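Please read these notes with the sequence and the structure side by side. Each point can be checked by eye or with a simple viewer.

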Amino acid sequence: MTDQPPPPTPSPGSGEPDPSSPAGSPGPAGPPPGWGSGMPPAGPAGPPPGWDPAQSAWGAAPPPQGWAFPPTGGYPPGSGPYGGQPWYPGPPVGWYPPGYGFDANDALVTPPGAGIGGWFNRCGGALRRGWRQLVPIMLLTQVLPAAVLSVVSLGLDPSAKWAAQAESTSAPALPDNFAAELLSLLVLLVGGSLVVGLVQAVGWAAGTWVITQQAAGQPASLESALRYGLRRALGLWGWTLLVSLLVGVGVCFCVLPGIYLAFALSMAGPVYLFERHNPIGRSFRMFHDRLGLLLGRVALVAVAVLVGTLIPGGLEGIGTSALGTDPFSSAGTAAGTVVVIGITAVLALPAHLAQMIGLLVTYAEQRAHEAPVNTAGLAAELG
């Protein structure tokens with residue numbers, strides 16, 4: 001106990017904390033520390049620092065010395081990763097190092113966005129550059145084998161003899177040696193088709209090499225092309241046989257599956273020549289990844305091939321039928337048959353060129369949609 005009076009309770013507004021308030025909380029009134037004689041006189045106050053009267057809002061601190069918005073110099077408009085912000089640093093959208101990126105003037109690769117016009121231009125350019133080498137290659141490996149097979153199969157076709165025997169007898173019966181002659185004809189057709197397919201594979205590989213080399217600005221002689229075709233023909237022929245078998249099985253199932261497989265496997269040949277790995281799987285993936293684009297390109301090629309082969313085929317049928325049921329019964333009709341088949345086979349040459357060039361340019365365009373690629377890189381892949 002002491003005789004001193006208790007300390008006075010601080011009045012509100014004295015700046016001391018209120019014992020009833022939470023710990024550390026200032027009192028409800030009182031100026032902050034340091035607010036004293038320097039207090040501005042009463043009256044209307046001016047805007048505090050940072051207030052922007054034009055915006056009626058709190059403004060940002062003034063920019064540092066030498067700073068401008070947007071920055072000037074150093075990056076041309078549109079050089080950033082977003083076209084709408086030219087001041088954003090970075091290379092332009094779609095830019096790649098020289099020799100690796102897309103080239104709008106590439107002679108073989110249609111860059112994304114060029115459309116069907118760019119595809120047609122590159123197909124036409126390939127034909128203009130390489131027709132001197134491509135025409136002899138197609139004549140030797142596509143036209144001539146097909147014509148020889150047609151002549152041989154027509155000469156050994158026993159149907160004329162079977163018809164004559166059927167007319168000479170009144171009783172219905174199979175012609176003599178029917179089974180043996182039919183089997184011989186089937187063996188001839190199947191075996192001849194296999195040999196023709198191997199020769200055609202030489203031409204496909206050789207023509208692909210010519211088109212790619214010329215597009216890359218490299219020399220492409222006929223002799224070098226055929227050597228390359230011979231080196232790659234066996235593997236290409238094997239994959240082509242497998243694709244043909246799959247398409248044939250698909251045709252047996254109501255035709256539509258065969259048409260689907262023909263489109264889905266259309267890139268198998270170029271995939272083998274350039275990548276040499278999983279041609280069937282890669283072709284399926286290309287087809288389904290860009291269904292509309294590849295379907296449209298391959299459909300154009302298919303129409304050109306159908307028109308280019310059906311017309312000569314019809315003319316061949318008309319010409320040979322006019323020479324009689326057995327055109328090889330005399331030397332004159334036999335010579336006429338050979339001439340007719342030879343002419344109609346040559347008329348199918350544009351179809352062979354359209355198929356090879358169209359599918360190759362389509363493959364290059366598909367590769368461009370997967371990753372940056374150019375003709376020089378494709379030429380290096382061919383080996």
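1. Basis. This is a predicted model, in which local features need pLDDT of at least 70 and side-chain atom pairs count only at pLDDT 80 or more, while totals for chains, interfaces and linings use all residues. Residues are numbered from 1 along each chain as its sequence is written, and side-chain values use heavy atoms, with hydrogens and water left out.

2. The whole chain. The protein chain has 11 helices and two strands. Helices here are DSSP runs of H or I with at least four residues, strands are runs of E with at least two, and both are numbered from the N terminus. From the N terminus on, the order is β-β-α-α-α-α-α-α-α-α-α-α-α. Of the 383 residues, 31% count as buried. Buried means under 20% relative accessible area, exposed means over 50%, and partly exposed is in between (1.4 Å probe, protein chains only). Of the contacts with a separation of 6 or more, 66% are between residues 24 or more positions apart; a contact means heavy atoms within 4.5 Å.

3. Helix H7. In H7 (residues 279-289), the buried residues are Pro279, Ile280, Arg282, Ser283, Met286 and Phe287. Seen down the axis of H7, they fall within an arc of 165°, so they line one face of the helix. The arc is taken from the directions from the helix axis to the C-beta atoms. As background, an α-helix has 3.6 residues a turn, so residues three or four places apart point the same way. The cover over the buried residues of H7 includes H4 (222-252), H5 (256-264), H6 (268-274), H8 (291-321) and H10 (349-370).

4. Arginine 276 has a positive phi of about 55°, and asparagine 278 has a positive phi near 50°. Neither is a glycine. Most residues other than glycine have a negative phi. Arginine 276 is partly exposed at 45% relative accessible area, and asparagine 278 is partly exposed at 37%.

5. H8 against H9. H8 packs with H9 (residues 331-347) at an angle of about 170°, and their axes are 8 Å apart. Axes are lines fitted to C-alpha atoms, for helices over the stretch in contact, and angles run from 0 to 180 degrees between N-to-C directions. The two helices are therefore roughly antiparallel (an angle over 145 degrees). Residues of H8 in this contact include Gly308, Pro312 and Leu315; those of H9 include Val340, Ile341 and Leu347.

6. Alanine 379. Alanine 379 lies in helix H11 (residues 375-382) and is buried, with a relative accessible area of 12%. Leaving aside neighbours within four places in sequence, alanine 379 is in contact with Thr212, Gln213 and Ala216. The C-alpha atoms of alanine 379 and glutamine 218 are separated by 9.2 Å, although the two are 161 residues apart along the chain.

How values were computed
Angles under 35 degrees count as roughly parallel, over 145 as roughly antiparallel, 65 to 115 as roughly perpendicular and the rest as oblique.
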